[in-house]
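Let's take a walk through this one, helix by helix. Keep the viewer open and follow along as we go.

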Amino acid sequence: GLSTWQGIDIVVGVTVSWVPLAADYTRFARTQRGAFWGTGLGYLLPDALLLALGAVILLTRGVGDAAALPAAVAAGGVVALIALFVLTAAETDEAFANAYSGAVSLQNLLPAAPQRLLIVVTTTIGTLGALALELTSFQSFLFLLGSFFVPLFAVLLADWLVAGRAYDADDVF
């Protein structure tokens, strides 16, 4: 029931929503080049593979409803079940990454708060949100992500370009 542009909006929104996590991980990079290639390839490859998997499932199974996706994959046989299990196992780290990113972001607002406490707080909020969120309303959530993170990324990109395509320690801290 989506138009092509709504589908593109969801794909772009999901992809751009990972920008805050990229900042968390690149702070450990030794060089700018390493940060660029590590983050770029680290997000491009899995994102492209998962989007391609979604397209294959849509085209071969005709699944347009997210709630019907697990059953459609399971109906694909043993290989599909193994792929579903691998995908599920691969996605378990996302919750940890989101909790960590939320804690780091909160620590910018509350620098005196212990990071472990902030991790517990973000994990609790995330768990309660996951329990309250219905899979059938996930599409609306993705539109919300896109409406927030795409403009945020545009502001960040514009600021970086105005700053001469580089930030120094005073810009960051």
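In this predicted model, start with helix α2, residues 19-26, where the buried residues are Leu 21, Ala 22 and Asp 24. Now look down the axis: those residues cover an arc of only 160° around it, so they sit on the same side of α2. And what lies over them? The cover for the buried residues of α2 includes α3 (32-61) and α5 (78-109).

Let's stay with α2 and see how it meets α3. Two packed helices are described by the angle between their axes and the distance between the axes. The crossing of α2 past α3 is right-handed. Zoom in on the side chains and you'll find Leu 21, Ala 22, Tyr 25 and Thr 26 of α2 meeting Ala 35, Thr 39 and Tyr 43 of α3. Sort the residues of this contact by class and you get five nonpolar, two polar and no charged.

If you set aside its neighbours within four places in sequence, Thr 26 is in contact with Ala 35 and Thr 39. Looking back along the chain, Thr 15 is eleven residues away from Thr 26, and their C-alpha atoms are separated by 17 Å.

On the α1 side, the contact is made by Gln 6, Asp 9, Ile 10, Val 12, Gly 13, Val 14 and Val 16, and on the α7 side by Gln 139, Leu 142, Phe 143, Gly 146, Phe 149, Val 150 and Phe 153. What classes do the residues of this contact divide into? There are nine nonpolar, four polar and one charged.

Last stop: Arg 165, in the loop between α7 and α8 (169-172). Most residues other than glycine have a negative phi. Arg 165 is not a glycine, yet its phi is positive, at about 60°. Is this residue buried or exposed? Arg 165 has 57% relative accessibility, so it counts as exposed.

Terms used. Residues are numbered from 1 along each chain as its sequence is written. This is a predicted model: local features need pLDDT of at least 70, side-chain atom pairs count only at pLDDT 80 or more; totals for chains, interfaces and linings use all residues. Side-chain values use heavy atoms; hydrogens and water are left out. Buried means under 20% relative accessible area, exposed over 50%, partly exposed in between (1.4 Å probe, protein chains only). Helices (H or I, at least four residues) and strands (E, at least two) are DSSP runs, numbered from the N terminus. The arc is that of the directions from the helix axis to the C-beta atoms. Contact means heavy atoms within 4.5 Å. Ala, Val, Leu, Ile, Met, Phe, Trp, Tyr, Cys and Pro count as nonpolar, Asp, Glu, Lys and Arg as charged, and the others, Gly among them, as polar. A crossing is left-handed if the near helix is turned anticlockwise from the far one by less than a right angle, and right-handed if clockwise.
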